[in-house]
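Here's a quick tour of a protein model, written for someone who likes to know the cut-offs. Have the viewer open as you read.

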Amino acid sequence: MLKPLYDWTMRLAEHPRALWVLAIISFVESSVFPIPPDVLMIPLILATPHRAWLIALVATVSSVLGGLLGYAIGAFAFEQIGQPILEALGKLDRIEEFNVKFNEAGFWAVLGAGITPFPYKVITIMSGWTGMPLATFIVTSIIARGLRFFIVATLLWKFGAPVRDFIERRLGLVFTAFFVLLIGGFLALRFF
């Protein structure tokens with residue numbers, strides 16, 4: 001069952017419009033979409049390693065632009081859009097406490113969420129809601145998302161063939177590990 005899905009993803013990664021799909025996923029993931037862009041970015045780089053840095057750049061730029069949408073949601077539509085998103089993630093009851101901690105951490109909160117598997121959309125929305133200076137948000141987002149995507153791209157470019165071979169031989173294990181990490185990230189979010 002996993003092998004056809006993997007093969008489909010690899011074929012999609014070789015499609016001429018795959019970068020556009022990655023850009024869209026990276027954009028919406030930064031404000032509303034629950035699936036990280038790595039789901040497409042990794043197969044894209046494995047399928048076309050010569051484009052690793054272009055792929056990382058597209059993911060970074062799109063993610064930061066999507067982060068600006070998340071910031072705008074927090075700043076201008078928190079009650080209508082931001083609150084329901086945070087409620088779905090189980091964070092609504094801790095907003096005030098988070099607001100105080102977030103304003104103290106500011107730069108580090110955005111940097112940490114931008115690099116780690118922590119849902120970046122929570123930070124983008126909260127940045128707008130708490131009134132973080134827009135320039136700080138943008139610069140930190142560029143650094144964080146750039147680090148995350150370019151490190152992944154560099155590692156896959158350098159070690160791509162063995163990584164691809166490992167994934168293809170142990171697809172079930174890799175798939176399970178990915179979902180454990182994804183679910184773990186959402187569970188960690190509930191306790192943050």
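## Ground rules

This is a predicted model, where local features need pLDDT of at least 70, side-chain atom pairs count only at pLDDT 80 or more, and totals for chains, interfaces and linings use all residues. Residues are numbered from 1 along each chain as its sequence is written, and side-chain values use heavy atoms, with hydrogens and water left out.

## Overall make-up

The protein has 10 helices and 0 strands, with helices (H or I, at least four residues) and strands (E, at least two) taken as DSSP runs and numbered from the N terminus. Along the sequence that reads α-α-α-α-α-α-α-α-α-α.

Of the 192 residues, 44% are buried; here buried means under 20% relative accessible area, exposed means over 50%, and partly exposed is in between, using a 1.4 Å probe and protein chains only.

## How α2 packs on α4

The axes of α2 and α4 come within 7 Å and cross at roughly 35°. Those axes are lines fitted to C-alpha atoms, for helices over the stretch in contact, and angles run from 0 to 180 degrees between N-to-C directions. The crossing is right-handed, which is to say that the near helix is turned clockwise from the far one by less than a right angle.

On the α2 side, L19, L22, A23, S26, F27 and E29 take part, meeting L54, I55, V58, A59, S62, S63, L65, G66 and L69 of α4. Sorted by class, that contact has 10 nonpolar, 4 polar and 1 charged residues. In this scheme Ala, Val, Leu, Ile, Met, Phe, Trp, Tyr, Cys and Pro are nonpolar, Asp, Glu, Lys and Arg are charged, and the others, Gly among them, are polar.

## Two nonpolar cores

A nonpolar core is a set of buried Ala, Val, Leu, Ile, Met, Phe, Trp, Tyr and Cys residues joined through side-chain atoms within 4.5 Å. The largest has 17 residues, and L19, L22, M41, L44, I45 and I55 have the most contacts inside it. Two or more residues come from each of α2, α3 (38–47), α4 (52–76) and α9 (134–169). Leaving aside neighbours within four places in sequence, I45 is in contact with A52, I55, A153, L156 and W157. Apart from this core lies another, of 8 residues, including A109, Y120, M132 and F137.

## Covered helices

Helix α3 is largely enclosed by the rest of the structure, because 8 of its 10 residues are buried: D38, L40, M41, P43, L44, I45, L46 and A47. In α8 (residues 120–130), 10 of the 11 residues are buried, among them Y120, K121 and T124. Just after α8, G131 has a positive phi of about 75°.

S30 itself lies in the loop between α2 and α3 and is buried, with a relative accessible area of 0%.

S63, in helix α4, counts as buried at 0% relative accessibility. Neighbours within four places aside, S63 contacts S26, F27, E29, S30, Y120, R145 and F149. The C-alpha atoms of G70 and Y120 are 9.2 Å apart, although 50 residues separate them along the chain.

## Out at the surface

W20, in α2 (residues 18–29), counts as exposed because its relative accessibility is 62%. Its C-alpha atom is 9.8 Å from that of S62, 42 residues away along the chain. I81, in α5 (residues 78–88), is partly exposed at 37%.

Terms used. Contact = heavy atoms within 4.5 Å.
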